[in-house]
Amino acid sequence: MSAPHTDVEQVELANTAFYEALERGDFETVSRLWLTPSDLGVDETYHDPADTGVISCVHPGWPVLTGRGEVLRSYALIMANTDYIQFFLTDVHVSVTGDTALVTCTENILSGGPAPDDGDELGPLVGQLVVATNIYRRTSDGWKLWSHHASPVLTETDDAEGDDTPA
């Protein structure tokens, strides 16, 4: 077993690799970073993969997605419909217990879609503040994502200035 500080560093690297792959639109790398039944030593020939090490994902405003097919399909859709995305992670905290790691962070997201009227430039950039929890599992190939849960952070709008009610 690794030293605790080394585990934390390895989980931080895995977490960074996940967000960098999303920024590049690198679906193959994103897929490799998610846990598979074989990562847990399960022979899928004899066991239903849906019953073992089920991965899950909650994107802001989405329902819970479970299983590799649903989760990876969601990332393929996001990548296909997002021309530009960049994550600035803040408030990152990593906790490791045995073969499980918990990462909490704030995703400061900057994204842009297609230009209006099929122009060559990006559409307007939009900022979003999201808090996320990523759960990782140690495998023989390193730390892999087991679950990702992201929720939007409610902020006050300019219209509500002076009003303590969240937007």
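**Exercise 1.** What percentage of the contacts in the protein chain with a separation of 6 or more is between residues 24 or more positions apart?

Solution. The model is predicted: local features need pLDDT of at least 70, side-chain atom pairs count only at pLDDT 80 or more, and totals for chains, interfaces and linings use all residues. Residues are numbered from 1 along each chain as its sequence is written, and side-chain values use heavy atoms, with hydrogens and water left out. A contact means heavy atoms within 4.5 Å. Under that criterion, residues 24 or more positions apart account for 50% of the contacts with a separation of 6 or more.

**Exercise 2.** Find the residues of the largest nonpolar core that touch the most other members.

Solution. Buried means under 20% relative accessible area, exposed over 50%, and partly exposed in between (1.4 Å probe, protein chains only). A nonpolar core is a set of buried Ala, Val, Leu, Ile, Met, Phe, Trp, Tyr and Cys residues joined through side-chain atoms within 4.5 Å. The largest such core has 30 residues, and F18, L22, V30, W34, Y75 and Y136 touch the most other members. Its largest share, six residues, comes from α1.

Next, take Y75: leaving aside neighbours within four places in sequence, Y75 is in contact with F18, L22, V30, W34, C57, H59 and H148.

**Exercise 3.** Is M79 buried or exposed?

Solution. M79 counts as buried because its relative accessibility is 17%. M79 lies in helix α3; helices (H or I, at least four residues) and strands (E, at least two) are DSSP runs, numbered from the N terminus. Beyond four places in sequence, M79 touches L22, G25, D26, F27 and V30.
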